[in-house]
Amino acid sequence: MRYLPVTPEDRAEMLSRLGLDEVEQLYADIPGELRLKQGPHLPPAQSETELERHFAELADANRKQICFMGGGAYDHYIPAHIGAILGRSEFYTAYTPYQPEISQGMLQSIYEYQTAICRLTGLEVSNASMYDGAGALAEAALMACDITGRGRVAVSAGVHPEYRQTLATYLHGQGLELQVLPLQNGHIDLQRALAATDDELAALVVQTPNFFGLLEEDIPALREKLSEHKALLIISSDPISLGICRTPAEWGADIAAGEGQPLGLSLSFGGPYLGWLACRSKYLRRMPGRIVGATVDHDGRSCYVLTLQAREQHIRRQRASSNICSNEALMALAATIYLASLGPQGLSRVAGQCLDKAVYACEKLSTLPGCSRTFSGPFFREFALTLPGDAEEAFSWMAEHGIAGGLPLGRFYPGMKREMLFCVTEKRSRKEIDMLSEVLAQWLRS
Amino acid sequence: MAEKLIFEKGSSGRSAFSLPELDVPETTLPERLRRQEPLRLPEVSEPEVVRHYTNLSRLNYGLDQGFYPLGSCTMKYNPKINELLAAMPAFTGVHPYQQEKYAQGCLRLLYELQDMLAGITGMKAMTLQPAAGAHGELTGMLMVKAYYEALGQTRGRVIVPDSAHGTNPATAAMCGFDVVEVASNARGGVDMVALDKLMDDNTAAIMLTNPNTLGLFEEEILDIAALVHGRGGQLYYDGANLNAIMGWARPGDMGFDVIHLNLHKTFATPHGGGGPGAGPVGVAEHLIPFLPVPVVVRGSEGYELDYKRSQSIGRVRSFICSFTVCLKAYAYILSMSSDGLRQAAADAVLNANYLQERLKEAYKLPYDRRCMHEFVLSALRQKEESGVRAIDIAKRLIDYGYHPPTMYFPLIVQEALMIEPTESESLEGLNAFVEALLKIAEEAEENPDLLRAAPHVTPISRPDETQAARQPNICLD
């Protein structure tokens with residue numbers, strides 16, 4: 001076996017040192033009735049050649065499509081050098097940086113990541129990463145309950161449906177309540193949200209751009225009411241949008257959390273992605289997860305360490321702020337390199353192109369017979385379109401014609417059988433958008 | 001020499017990114033929705049970015065550079081072919097909502113991996129969703145909670161051994177359970193008398209790692225299972241140490257009702273400097289209805305995602321799973337097959353026992369019995385004789401070119417050094433490590449200051465962690 005350096009002779013030598021005759025004796029502590037005579041039933045071992053062939057077969061069972069789908073996972077361009085750096089095995093084969101003297105590379109990159117997230121969101125502190133956008137938002141909600149000592153969280157129905165489901169799962173674990181707030185024209189219903197804000201509310205969770213790509217506008221009024229009742233504002237944002245859109249800090253968020261996949265991570269059928277979480281500095285010690293801090297070594301040289309570990313599970317056990325241990329360090333590195341590579345102008349241009357191309361596509365598609373924009377108001381990268389027929393049928397038609405999307409919204413909002421959510425990133429060309437329009441037009445005629 | 005931050009490099013106007021010219025009309029956002037504060041990101045060219053992170057990588061120690069005997073973390077070799085396969089555009093380019101009909105390659109891989117993991121562990125069904133071990137624990141324990149809710153029973157307590165990983169009690173607390181510790185006995189296993197007293201009809205589950213964090217197999221596992229099940233409780237298996245027994249014994253046969261695995265430990269996917277990992281969860285028959293959605297199933301027209309499960313705990317994440325991590329584990333299992341996995345486990349156990357045998361004279365071995373894939377030494381003797389602590393020995397190992405073992409864990413061993421060689425280490429590699437640790441034991445007697453000031457060969461010496469925590473500086477202004 002090519003991964004095992006120990007030879008039969010080595011085994012014999014080691015066994016003899018232990019006074020044993022055979023490997024089976026090493027397992028003497030396992031009760032006899034549990035000991036297996038042979039391993040599990042699996043296909044025969046494959047050489048690299050066979051593996052490559054097998055994976056080529058699996059690859060053929062997928063179909064390459066032009067992506068007009070978003071819904072929390074976005075097809076942005078990933079600069080080639082990100083992969084080259086992530087391929088450095090000093091990074092990817094390392095463990096969590098518990099030994100700072102030989103982990104300064106990862107620790108510094110996480111410090112840079114935390115800095116980049118703070119500057120992107122405008123908030124003061126960031127942790128070193130969470131699993132994904134859904135998990136980050138759920139942890140933000142738990143954090144808000146912990147900070148306020150209250151047991152109810154309100155979430156706008158415009159927050160990603162899968163994030164809401166994840167929130168519900170996490171909150172149920174601790175017997176906390178989740179209240180879903182209805183929408184009006186695809187945006188948060190201001191009056192209903194204001195009515196839900198009282199002295200028992202821990203936090204309000206808003207997403208902007210929301211699941212329909214719409215930019216929420218009523219946040220200032222909500223912020224004011226939340227402050228009156230000492231409840232927190234949690235905003236989930238798209239990191240690309242923050243190149244041009246008002247930041248969570250500018251909206252007055254106490255905590256912001258979201259998905260970092262758009263920052264240089266591939267779609268990869270849903271993961272691994274990157275949860276990010278930032279907050280105001282007064283809540284630093286209530287944050288979940290790893291945090292890297294700058295310090296000096298015993299000789300006065302500046303360096304980085306994992307810090308504030310007294311919040312964490314390995315120290316505080318059942319009183320920890322979260323159970324999270326492994327997070328998404330390598331994905332955070334990718335996001336850091338992405339943001340460093342684009343710089344302020346690059347990110348603003350990518351965001352700008354997403355905006356422009358989505359507007360172009362929206363105008364184009366909403367002139368097709370029987371099609372119209374579902375909601376009004378400014379949007380970013382995504383928009384919902386109402387079709388004259390069943391969205392699932394249109395989805396299948398598009399897929400057969402090499403196009404992924406838009407996403408049928410009835411899957412998440414049962415009343416929206418004729419609605420599709422289209423996403424247009426900077427990667428899509430005008431030609432591809434025109435083709436999308438043509439394929440949809442063909443379906444309409446069919 | 002310390003590397004400047006990327007934010008302190010470059011010059012205004014530089015960028016490491018290119019975009020096609022905009023080919024549609026330009027639009028703008030209303031001022032009220034626009035970002036006000038300037039975005040202060042680095043402005044650097046591609047060569048500068050690449051050089052910066054390449055230089056940072058050189059300040060990092062990875063498994064490909066040398067021996068990484070970090071106990072409980074299973075730092076085994078990460079096969080390179082798996083990285084290539086995971087980078088195939090046919091997988092990286094698939095959107096998670098892409099029509100299932102056109103993502104059959106991905107779905108088939110996940111379905112087969114579920115099946116393989118179920119076979120290896122003896123569980124009835126698996127979910128691949130959790131993003132890490134602790135996430136798997138959360139998923140598993142929420143299922144235990146849902147199970148009792150469905151039965152209409154209130155069980156508010158969870159038992160964990162005093163040797164457990166911190167994630168176990170932290171997870172139980174996240175699921176709303178009170179946590180109570182059960183003591184270990186003189187042989188390092190669960191104390192049956194203590195367990196008998198604790199296990200009552202308010203107890204939902206006991207969370208066990210087996211082999212446990214001392215690297216010892218719970219010899220009384222069948223009695224534990226009988227006791228816990230007899231009083232209506234569930235057995236949770238923390239799979240951190242499955243590497244010792246894969247192919248030799250199965251948690252399902254031991255009576256575990258719910259388990260999590262760490263693909264980034266046992267199944268050779270890289271740790272990534274702290275993630276991404278993956279923490280699949282396996283269950284016995286009675287917990288299947290509570291699996292999180294979606295579940296990958298095989299239908300009449302191919303592989304599908306099943307969302308319609310009324311008793312499910314719901315979602316624990318967005319989308320499906322950490323797909324490319326699962327892909328690497330799948331490739332690893334295909335490469336190893338049954339005999340290979342069994343051999344890997346045996347080599348891991350043999351390597352650990354060999355190291356334990358050769359080191360137990362120079363260092364105190366608190367539990368002197370056959371170990372599994374890891375063992376725990378104590379530096380108590382060195383501490384008493386020369387004031388050298390476990391951390392000093394660990395740091396001195398860095399000077400000899402090794403990653404230190406896990407320190408000060410499990411909590412029940414004073415001055416603990418937990419050593420896990422894995423199957424990836426050769427005999428000559430083990431011997432060199434033994435020589436280094438024996439030399440360090442001598443140095444502890446002859447020149448304790450040398451150890452207390454270690455490491456000596458690294459770009460930095462020991463950081464001031466107290467200052468880091470007292471005056472947190474966690475991002476650049």
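1. A:Arg373 stands opposite A:Leu385 in β14(A). The two strands concerned, β13(A) and β14(A), pair in the antiparallel sense over 2 bridges; strands count as paired if DSSP finds at least two bridges between them. Helices (H or I, at least four residues) and strands (E, at least two) are DSSP runs, numbered from the N terminus.

2. This is a predicted model, in which local features need pLDDT of at least 70 and side-chain atom pairs count only at pLDDT 80 or more, while totals for chains, interfaces and linings use all residues. Residues are numbered from 1 along each chain as its sequence is written, and chains are lettered from A and ligands numbered from 1 in the order in which they are written.

3. The pairing of β13(A) and β14(A) belongs to an open, antiparallel sheet of 4 strands, with the order β13-β14-β17-β16 in chain A. Its edges are β13 (372-373) and β16 (407-408) of chain A, each of which pairs on one side only. Helix α12(A) packs on this sheet and touches β13, β14 and β17 (419-423) of chain A. The direction of α12(A) makes about 5 degrees with that of β14(A); axes are lines fitted to C-alpha atoms, for helices over the stretch in contact, and angles run from 0 to 180 degrees between N-to-C directions. Contact between two residues requires that their C-beta atoms, placed from the backbone, lie within 7 Å.

4. For chain A, the domain assignment gives domain 1 (66-75 + 344-445) and domain 2 (80-338); such bounds come from an automatic or database domain assignment. The C-alpha centres of these two domains of chain A lie 28 Å apart. In chain A, 24 residues of domain 1 are in contact with 22 residues of domain 2. On the domain 1 side, α12 (329-365) and β14 (382-386) of chain A are the elements that give two or more residues, and α12(A) gives the most, with 7 residues. By class, that side has 15 nonpolar, 6 polar and 3 charged residues. Ala, Val, Leu, Ile, Met, Phe, Trp, Tyr, Cys and Pro count as nonpolar, Asp, Glu, Lys and Arg as charged, and the others, Gly among them, as polar.

5. Chain B is divided into domain 1 (81-335) and domain 2 (338-452), with C-alpha centres 29 Å apart. Here 18 residues of domain 1 of chain B are in contact with 18 residues of domain 2 of chain B. The domain 1 side divides into 8 nonpolar, 8 polar and 2 charged residues.

6. The contact between the chains takes 170 residues from chain B and 170 residues from chain A. On the chain B side, helix α10 (residues 323-359) of chain B supplies the largest share, 23 residues. That side of chain B comprises 93 nonpolar, 48 polar and 29 charged residues.
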